[in-house]
Structure formats: structure tokens, C-alpha cells
Amino acid sequence: MRIDETKCTGCLKCVPYCPMAAIAKVPNRRLAAIDEDECVECGVCLRAEVCASGALYQQPLEWPRVLRATFSDPRVEHKDTGVPGRGTEEMKTNDVTGRFGPGHVGMAVELGRPGTGARLYDVEKVAKVVASMGLPIEPKNPVTFLMTDVKTGKFRDDVLNEKVLSAIVEFDAELHQVPEIVARLNEVAKEVDTVFSVDLISLVDPDGTVPVEKLDLASLGRPLSINGKTNVGLGRPKAKSLEGYVNESH
Amino acid sequence: MSHTNHRQGTRENLSNCFVTIAMASQGINTAGASQKLQQFLDIAARHNPVNAGNMKVGNLYVAGSMEKLSAGMEGSIVQAAFNSEDDLVGFLTDLNEADLGVSVVVTGLMDETKKCSEKAGLHRHTVEYSLGVFGKTERLPDKSIMEISTMCGHGQVSFNLVQRMVKDVTRGVLTLDEATMTLTKPCICGIVDPTRVRRLLEKMVAASIKPALHNYIAMDPSKCDKCYACEVACVEAHPNNSSQPMCIVDASMGPAISLHCLHCASAPCMKACPTGNILRDPEKDVIYMRGDRCIGCKLCVSACPFGMIVWDEKGGQAHKCDLCIDRLKEGEVPACVAGCPTGALSSADNAEQFKKRRTLALQTTLAAIPSAQEM
């Protein structure tokens, strides 16, 4: 996003809207400017419609900068996955895809969340840790398309310095691996210059119990949240791989 | 995507706050999904949604109505938010019956969503928990700001905007409702519950009025009847002080003023006392004397810039106003204030005093500007 210097009146109304705090007053001038290195092209300032003089404008985005918009503006569809938002269906369609099966968990590391943003080199650091543990990285996730080698988690060099509002490293694991993964994430957390939020997905057993609730993650400082998501199994057709496993009584 | 998975909050403020989402799976059941997503929104509309959204259009408040969310359903994801268990159960029951065939996910407190799913006759298929925030958490703002900001998992509601809204409401630039809308609109998906935003914001506004003044007795000389009832009440309330009041009515300079200890932030009397007889109550921020350690040196009397330490010749001890701290802790006003028959004395908490003074300043300023009165 850019600000047309000739139109900006310096009212600064756009400033608080920026999730990256990348808009600021220019010292000693009646003018606001966007720090292009910090801007993630999310479009929040423009959509807020607070600029009365029409000074905010979206410049054409070229590779690799265009990645900022695809990872930061929820309206932009990821062309690789066809899904808007952060570009992955994860557990939201698990009743149909059967992506996460019995004895397995889905995990996702959401870099830059909450509200901080992440450079892709930090996303790569986490991807490399996940790959080094031999965990299968979700192929239908836009982050995976940035990798030159899914086995090592290495990203293309030309994208590394791009900054995005959030990017998700998504992978499958076996239930018993979770504590070790969380411990490794606690380690890599010290090496990134941002924050990340971690998801833990689990199929509900036919008797209604949730396998991950039996894990001791509190001792690693990472207890399960009180808020969470529940797929209530209304999708059709049902995933073939889960036939006979899930409760299908309705 | 998990844009609702990392909502922060307490059990109390996340209770009865639900988000539902419907989507088709790429390459599996996308055929005819547009109509099904539309039906999802139509059914939601019957159950008092507090917000709703279509990823391709925006949220309910940007679109203006549920009907306007319908434009462009192709390849989209739709959302609806509710703020009561009854509405959620009603919605899920209808969805179960409609059997649309698109996947539906409910977010909320895990035990509440479990209960509601069961009531609607649904079995939980897959669940997702958050393990919290890792990394440079020192870069994050206060928890209360994140409780609002994380309601939009896509990070479209900036931390700074939340802070700005608190300031705008505190200063009367925006009403609580206007600020709530400002924070609800940037979330395209329509998953921000404005009723929760409003509640959280209201709390933050109340907490943001920082006490610039410590506890003290305020005095309106125009109401003073010079009756000394405050002094009498003080003596009654402090039977060990040899009948000496610690508030003093003085009219020698013209208007009658009831003088009180100011309970200084950096109290010279407390610093001067060699025996630790003068203390500050951490809860009420009141300077008081414990009594039993006074050796009668009178250093505190000399140290007080306002002459508010009372020397008790008979008892050989110094006394000072303790703002009737025992009464304060019981939620009562000091004895002098309670004893004043004309309302010349008042004791309010810090925030109230601060507000009162601001209001007075505003009134005075407005009265001085003729054009302002026509606005």
C-alpha cells in the first residue's frame, strides 16, 4: 500500500488501523507515510475507508512482494489451494477429507499470530524443524508451495525476506509424538523474531472422548486452550478412510 | 486457517460467544456448494446472529444486511456468530435437519460447544485446540487488547485500533456503540461478536481513567456553614486522640476552608519519622500513624509542609488524619464527610474526582467561548 504525498492531508486517521503499525507521521511534515518494508499489503487501511482525500492506493504487486497480499489479505485466494484466508482447509472439512485419522493429530504453527506478522525466514526456521523430525508437511498449504524441498523445509531464497501477517506450517503427526514436537517448538520459539500460535487437531473417538485431552502438555507450559473449534460432522460425502470409526448415528 | 482457534479471554468473557463456519472441500463437494452456503446463512438469519459474513463480500455490518451477503457465493466460506446457547442450539438443530452436506465448524468454549452440539443431536467429529502463543511474547500488548484483537483471527483488527477506541470513548470522541462498530468492521469474515467487543471495551474504558489524584477530602467553601460538625465527627471517630480533631476549619483568610492531610505521594512526615510510626496503607494509599511507636520527637510536625500534624500535648503524641481508613475499607466515607450537614465535604474515589475536575474544566472552557455554545 502507498500514500500519495500530493493528496495526503496529514489527518493520520489511517494510522491506528494498520495491524503492523507501519503507517506513521513524517517528522516535521503534515503527512503520513507507509514503511514499505513493514507493510504486509493486507489492505486493512484502504478498506477502513477513512482517507477522505483518497491518498491511500494499492500499487501493483510483483513477485515476490505479491506474497504479502496472499498471506495477509483474507479476501485474496491462494491460487495454489483455491482457498481464501490463510489458504488451508485443515480440520474444517475433516469429516469429508479424512485428513486427520485415528491415532494421528494435525498440528499447525501459525507464525505472526496474534497481530505481529512474520518474515518468511522465520517461517522457514519452523518448517525446517518440522521437516527434520520427519513429519509430513501438508501439501495443500500455500506455505508448502514456497519450499524448494519439502523434505528439508528449505524455502526459495527470493521469498525469505518477505513479511506477512501470518503463515501456517501445517503437518501430520502421531499422537505419541506431540510432547516431543511441543518441546522442539518451545526451542525454536527462542530463535524467531516474532510470535506464533500452535494448533492441535484431533479426531473425536467413537465413544466421544478426545485423545489429545489425555496428553500432558501442561508440564511443557502448553496446556490446552479453553476456546477451540469443533467440526460437527455435517459434511457429505463422508470420508471413506474414516468409515466405521466415527460416530455416524445421524 | 484456524481464524477462531486463538481467541483469547477468560471463561467468563468467552462464555456464550460462538462462531460457526461452513465450507465445501476443494474437489470433493464444491459442486452446488454456493446454494448450500446460501442456505446456511438463511438458516442462521432465523436465530438472531450477532454477526455473519461471506469471505467474498464481507461481514454483516459492512454489507448492511443478511440479504446483501448473498452476492458472490462461488468458492466462498461463510460464517455466522451467536451470543447465546439457545440460538446456537436452534441453529445447529435446523442445520442438522437441512442436511446441507457442507462441513460445519463451531468455535466457543469447548464444554459449551460440546453441550450445544449434543443438544442439537450432533456428534463431534474433529476438534481443534490452541496451545497458546510461543516466541517473542514481549512484543504483544496488554491481555485486554488481545482479547478484542484476537476475535479476528486474520489480524485485521489491529492492537493500535483497540487502544485508539479506548481513548476515543474515554474522551467522548466516539460513543461506545460507534467504537464497537469501528472494531467490528475490519474483520471481513464477520466472526467478531460486537456484543462481546462492547462489553470488553466498556471495561477497558472504565479502567483507563487513571487516578491522577490520590484519596483525599474535597471541599466546597461556598457550602461551608462554619458549624464545625466535621471536627466533632473526627473527634468521635478517633477516641484515642485526646479530643483533638485532625481536620481543621479555618476562615482566617476569608472563605471557610476545612483543612485535611493531603496524604502526599512522597510524604515528608513518613520520611522524617525515625521509628517507623508513620506508614502508607498499600490498598487505600493513605498515610496513617500506628501510634504505639511515637516517641514524641515532633519531627513529623516540622516536616509537614501544610501544618496538618496535630500535636497532642496531654498524651505526648503526634496524630494525623488517617482518612478513617477502617471506614474506607468498609466502603464508608470518612467521618468528617458523613458528619457534614451541608455537603461541603466530599470524598470520592480517584477516578471520580478526576472526571469531576475534567468536566468542570470543560464547562469553564465552553462558557468562555461564545461560538461553542451554538454548536
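Start with chain A as a whole: its secondary structure comes to five helices and 12 strands. Helices (H or I, at least four residues) and strands (E, at least two) are DSSP runs, numbered from the N terminus. This is a predicted model; local features need pLDDT of at least 70, side-chain atom pairs count only at pLDDT 80 or more, and totals for chains, interfaces and linings use all residues. Residues are numbered from 1 along each chain as its sequence is written, and chains are lettered from A and ligands numbered from 1 in the order in which they are written.

Stay on chain A. Its C-alpha atoms fill a box of roughly 65 × 40 × 35 Å along the principal axes.

Next, select residues 1–59 of chain A: domain 1. Then select 78–224 + 233–239, which is domain 2. These bounds come from an automatic or database domain assignment. Taken over C-alpha atoms, the two domain centres are 33 Å apart. Five residues of domain 1 of chain A are in contact with five residues of domain 2 of chain A (C-beta atoms, placed from the backbone, within 7 Å).

Two strands pair if DSSP finds at least two bridges between them.

Zoom in on strand 5 (residues 104–111) of chain A. Eight bridges join this strand to strand 10 of chain A, and the two run antiparallel. Last stop: L111(A), which stands opposite A167(A) in strand 10 of chain A.

Conventions
Contact = placed C-beta atoms within 7 Å.
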